[in-house]
Amino acid sequence: NRLLSCNGPSPYLHVKIAISYYAIGQYRRACQSFEQAYILNHSYREHVGTYASLLAQQNNIPALEQLCVSLSETENVESYIAHCYLAIVKEDFHTAQALSERACHMSPRYIPALVAKGCSEIMSSNTTASM
């Protein structure tokens, strides 16, 4: 059974709970469930783009930086998405756009990559418009 391992809940279960909280707008609880999943298994990466976006919404730079460090070992779409959100909260929109474009190039139909790209474009255009 994927949901329960010998040692209790699996990262899979925590992430499913996190997505449920996310769907009903309980973002703090969603973050806590994501954290539990990644504590249980540091290499578990399902929905990590959603987790990165939640951390960015909360302006939680330390947690986002920690997530980026843990993802930096491999060059994958989730790593680009997390680094994109970190760039957004640090207001480095040029870097955010480049990272989101790389993520979309790697996985053109991956929704979290498209969301990150949209966020970086909106933030960039808002900054340009306000100057």
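How many salt bridges does a search of the whole structure find? The search finds two, a salt bridge being a side-chain nitrogen of Lys or Arg within 4 Å of a carboxyl oxygen of Asp or Glu.

## Basis of the report

The structure is a predicted model, in which local features need pLDDT of at least 70, side-chain atom pairs count only at pLDDT 80 or more, and totals for chains, interfaces and linings use all residues. Residues are numbered from 1 along each chain as its sequence is written, and side-chain values use heavy atoms, with hydrogens and water left out.

Side chains of opposite charge can pair when their charged atoms come close. Glutamate 65 belongs to helix H4, whereas lysine 90 sits in the loop between H5 and helix H6 (93-106), so the pair ties together parts that are 25 residues apart in sequence. Helices are DSSP runs (H or I, at least four residues), numbered from the N terminus. Glutamate 65 is partly exposed, at a relative accessible area of 31%, and lysine 90 is partly exposed at 46%; the term covers values between buried (under 20% relative accessible area) and exposed (over 50%), computed with a 1.4 Å probe on protein chains only.

The other salt bridge pairs glutamate 121 with lysine 117, whose closest N and O atoms are 2.7 Å apart. Both residues lie in helix H7 (residues 111-130), four residues apart, about one turn of the helix. Glutamate 121 is partly exposed at 33% relative accessibility, and lysine 117 is partly exposed at 23%.

## The two faces of helix H4

Helix H4 spans residues 61-71, and its buried residues are Ala63, Leu64, Leu67, Cys68 and Leu71. These residues lie on the same side of H4, because they cover an arc of only 140° around the axis. The arc is taken from the directions from the helix axis to the C-beta atoms. Helix H3 (48-57) and helix H5 (77-89) are included in what covers the buried residues of H4, where contact means heavy atoms within 4.5 Å.

Pro62, Gln66 and Val69 are exposed residues on the face of H4 turned away from its buried side.

## The ends of helix H4

Threonine 74 lies in the loop between H4 and H5 and is partly exposed, at 45% relative accessibility. From threonine 74 to isoleucine 88 the separation is 14 residues in sequence and 21 Å in space, C-alpha to C-alpha.
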